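Hi,

Here is the structure I promised to pass on.

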Amino acid sequence: MIKIKKNIPLIDQHDKNYMYGGKFGGNFIPETLKKPVEDLTKLFQELRRDRKFLNQRDYYFDNYVGAPTPFVKLQNLTRHLGGAQIWAKVVSDANGGAHKIYNATVHCLIAKKAGKKYIVGDTGAGYAGKMLSMAAKKFGLKCKIFMGAKDIKRQKPNVDAMRKNGAEIVPVYSGSQTLVEAVSECMRYWVSNCDTTHMCVGSTVGPNIFIKICAWSTAQISRELKIQLTNVFGKIPKKVKLINCVGGGSSAMGFWNEFMDYTSKQIEFIGVEAGGPKNSKLHAAPLTNNSKVGILHGAKQYVIQNKEGQISETESISAGLDYPGISPLHCFLKDAKRARYTSATDEEALQAFQLVTKLEDISPSLEPSHAFAEAIKIAPRSSTETIIIVNSCGDSLKDKFIIKKRLGSYIR
Ligand SMILES: Cc1ncc(COP(=O)(O)O)c(C=O)c1O
């Protein structure tokens, strides 16, 4: 049985080959990337121990990202469902409207330290791209974003924001024209341009260093939450369920990181993948559906694949969750039985969006609406002492056209 060690950051619990639990992760990269990946690894290891750099990160988290994001009780939803108390960490209040701003900001700071003038990144829902274009503009870097052609169409508000920030958007027409191909194209571009260009991977996926930087950056969410929980309840409560949607896994890693050493009885982690359309075989939920281990984007992980080991098509109403793989860190947490993974269908996410926006003054995008769907399922059968906290990690504005089409109207 794979075990999580105490008092060691989860991102550092790998062996010399960068494998977590001996099974997940690693650096499966072309020879030409070995040196740039090694250089970036060395630079990041220095920076994360450098007090000046940490102060700089904290300065921008406070004064640019807008930390801390609110932690609020959803009184009406709690009353409506009965059972557990439901709370939200409103990460969508961060600058730009989603958690992707933490990773983007840190990557721009690192790119500056590395002396790079150009930065490239991938995006699915468009938030990773929007945030990278924002941060690049702020720090004076020239930015290029790779995005699947299908996602360009369905996430127009974020595409417009990227253009406004001066980023070049490179449409990707191969395969399913979604995030998986955008990441591949971005990595391919970096192979030929790594001398001048820094790459930001938009989630906790890819070669090990990108997983580390991303999880280290989003950990800000749980650092804040730990303080907010103590302020509200006087201590960390006895029974907490932290529910987060999971695409590549960056927002969930950030939401859970500071609570890794607690028992799962006290702090339960629940990851919600995209179950896809209700009556379809297609989904984007490798952990829920016990997918096999494969290699995707330079790392071993559970990945949706066919019998021949080829990556399978996925489908989800939520572009941010529409990805066949999953962070090796989540594979590690699943096998160690530290986190429980489940899925919500497109329809359940839409219903959750409708209920939450009807009763409360928050407006989760379709990604966190999957997490709310799970909260709505389990709250009525949980005790009133149970504290359910949902990471409302994205704002729905980017989904206004999809929601209007599916529900007939879009009310924030
Ligand atoms: C708002 C939002 N939530 C969740 C996700 C899923 O990604 P991750 O699992 O890396 O947080 C995305 C991805 O684009 C997103 O934009």
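Predicted model: local features only at pLDDT ≥ 70, side-chain atom pairs only at ≥ 80, totals over all residues.

Residue numbers start from 1 along each chain as its sequence is written.

**Around the ligand**

The ligand is surrounded by 21 residues, and the closest are Gly 247, Ser 251, Gly 320, Glu 367 and Gly 394. A residue counts here if its C-beta atom, placed from the backbone, lies within 6 Å of the molecule. Helix H5 (127-139), helix H11 (250-256) and helix H14 (366-378) are the elements that give two or more residues to this shell. Helices (H or I, at least four residues) and strands (E, at least two) are DSSP runs, numbered from the N terminus. Domain 1 (28-61 + 100-215) and domain 2 (66-97 + 219-407) each supply at least three residues of the shell; the bounds come from an automatic or database domain assignment.

Strand E5 (residues 118-123) runs parallel to E6, joined by six bridges, with Tyr 118 partnered by Lys 142 in E6. Strands pair if DSSP finds at least two bridges between them. E6 also pairs with E7 in the parallel sense, over five bridges, and there Lys 144 stands opposite Glu 168 in E7. H5, one of the helices at the ligand, belongs with E5 and E6 to a right-handed β-α-β unit. Right-handed means that, with the strands pointing away from the viewer, the path from the first strand over the helix to the second runs clockwise.

In strand E6 (residues 142-148), six of the seven residues are buried. That label needs 20 or more other C-beta atoms within 10 Å of the residue's own; exposed is 12 or fewer, partly exposed is in between, and C-beta atoms are placed from the backbone. In helix H12 (residues 328-335), eight of eight residues are buried, including Lys 334 and Asp 335.

Lys 337, which follows H12, has a positive phi near 60°. Gln 177 also has a positive phi, about 60°, although it is not a glycine. Gln 177 sits in the loop between strand E7 (168-172) and helix H8 (179-193), and counts as partly exposed because it has 18 C-beta neighbours inside 10 Å. Finally, the Ala 67 to Pro 68 peptide bond is cis, with omega near -5°.

Cheers
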